[in-house]
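This briefing concerns the protein whose sequence and structure are displayed below. Please keep both at hand while reading the points that follow.

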Amino acid sequence: MNDNKNKLVTLSYIVLMVILIVILNSTRNNSGTQHGETGQNIDPAAYKEAVEPNAQTTKMEYLNQVLENIATTDNRPVKKSAADDGENPFAAKISSDIAIAKLIQGNIKFAKGESTYPNLDLERRLLAATESQAAYAFATVLSCSDSRVPVEAIFDAGVMDIFVVRVAGNVCDVDERASIEYGLTHVNTPVLVVMGHTQCGAVTAVTHAIQGRDEIESNLLELVDNIQPAVKKAIELNPDVKGDDIIPIATEENVWTSIEDLFIRSPVTRELVTKGYVKVVGAVYDIGTGNINWLSEEKPLDILAKVEASPEKAGITSCHTEEKHHGNAVKEEKIEGAEESAVKEDSVSAEESTVKDDGATDEESAVKENGAADETPEATEEDNDQKETPQAAEPVTDKA
Ligand SMILES: [Zn+2]
């Protein structure tokens, strides 16, 4: 009799607990869906902690909570506020912080083998064919072309989620800047991620060339002047780090160099970041673990401040002129570099560069309506001063 009584008490207790859990959950969900506005549920301190690397569990818990509490997880556009309409082209998008949270969350799912493969079905494709991507895509990502870095997959994202710019070594030269500007000003993504990755062949090749261990292959020549400053800086700041140990440091430095190259030559990006419409973040993807190491969120702002104070930055009015000139100047330098440095297939590279140079000029002249007539020779000189030639690597070679 007593036994039965005890069983009954235990059972009642369990039922009571289950009811309590159900009530608690429904309360939490209800309070979440009431928050239609973006960004208002972010606790800055907790957010900062969440994006710090090596805190995956806390990070995931916090991000799940944030994303549960907003009505934007299905990626539908949500108005920030009526007052922003008209002036702010990002008013219809999720906030930068929410966009970053979605990327972090997607990457954690991918790395844990828990991808959900969203937005890949017929319904999404029909949506893509009938609606503007600007209403849906929430991030622009500049990444390496490496086959081990499939961008949408590593963020567990699908169709109309990410505007992707991929180039070996995730450099930020003329075409990449133009593509990024499209992603920010036309697709209106509230975040730009510049993402390097471990074991990057382009960074490794440039590092080995600077260390005098190998020659640059002709197909990488176009990338040398973009990556080289990063590798040199990594070596100069870490004189005790030898051999391939410098490559991870150079890889991170290469991310900052790309961001700096973007800020210097893209007044519109500087403006969007200054106004708070867009956040630029650096990251390094680990091809082995699948995890993304999110770099300092403050550093891009430091780089922006440095660029804003620099006389070398491109001005607002001459954006297209500067872009075009920069392209020509860089390509001319590369031809020079091809002749001067010890390169395989010297003549072929120089020839290819010349052909590319002419082609690019014609194409750009045809596409770009304004600006071409306003070109000033000063812009070219500025460009020449700013970029380093591959030859400048020689003193570093002695050091290494
Ligand atoms: Zn790479």
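The model is predicted. Its secondary structure comprises 16 helices and 5 strands. Of the 400 residues in the protein, 39% are buried.

**Overall make-up**

- Among contacts between residues at least 6 apart in sequence, 76% join residues at least 24 apart.

**Helix α12**

- Helix α12 spans residues 299–308, and its buried residues are Pro-300, Leu-304 and Val-307.
- Viewed down the axis of α12, these buried residues fall within an arc of 65°, so they line one face of the helix.
- This spacing can be read against helix geometry: an α-helix has 3.6 residues a turn, so residues three or four places apart point the same way.
- Asp-302 and Ala-305, on the other side of α12, are exposed.
- The cover over the buried residues of α12 includes α10 (246–265), α11 (267–274) and β4 (279–285).

**Helix α11**

- The residues Thr-269, Arg-270, Leu-272 and Val-273 are buried in α11.
- Around the helix axis they cover an arc of only 165°, which puts them on the same side of α11.
- The buried residues of α11 pack against α7 (174–185), α10, β4 and α12.
- Just after α11, Gly-276 adopts a positive phi of about 85°.

- Strand β1 covers residues 139–143; 5 of its 5 residues are buried, so the strand is largely enclosed by the rest of the structure.
- Both faces of β1 are covered, with Ala-139, Val-141 and Ser-143 buried on one side and Thr-140 and Leu-142 buried on the other.
- With strand β2 (residues 162–166), β1 pairs in the parallel sense over 5 bridges.
- Within that pairing, Arg-166 in β2 is the bridge partner of Ser-143.
- With strand β3 (residues 191–197), β1 also pairs in the parallel sense, over 4 bridges.
- Leu-192 in β3 stands opposite Thr-140.

Definitions and conventions. Residues are numbered from 1 along each chain as its sequence is written. This is a predicted model: local features need pLDDT of at least 70, side-chain atom pairs count only at pLDDT 80 or more; totals for chains, interfaces and linings use all residues. Helices (H or I, at least four residues) and strands (E, at least two) are DSSP runs, numbered from the N terminus. A residue is buried if 20 or more other C-beta atoms lie within 10 Å of its own, exposed if 12 or fewer, and partly exposed in between; C-beta atoms are placed from the backbone. Two residues are in contact if their C-beta atoms, placed from the backbone, lie within 7 Å. The arc is that of the directions from the helix axis to the C-beta atoms. Two strands pair if DSSP finds at least two bridges between them.
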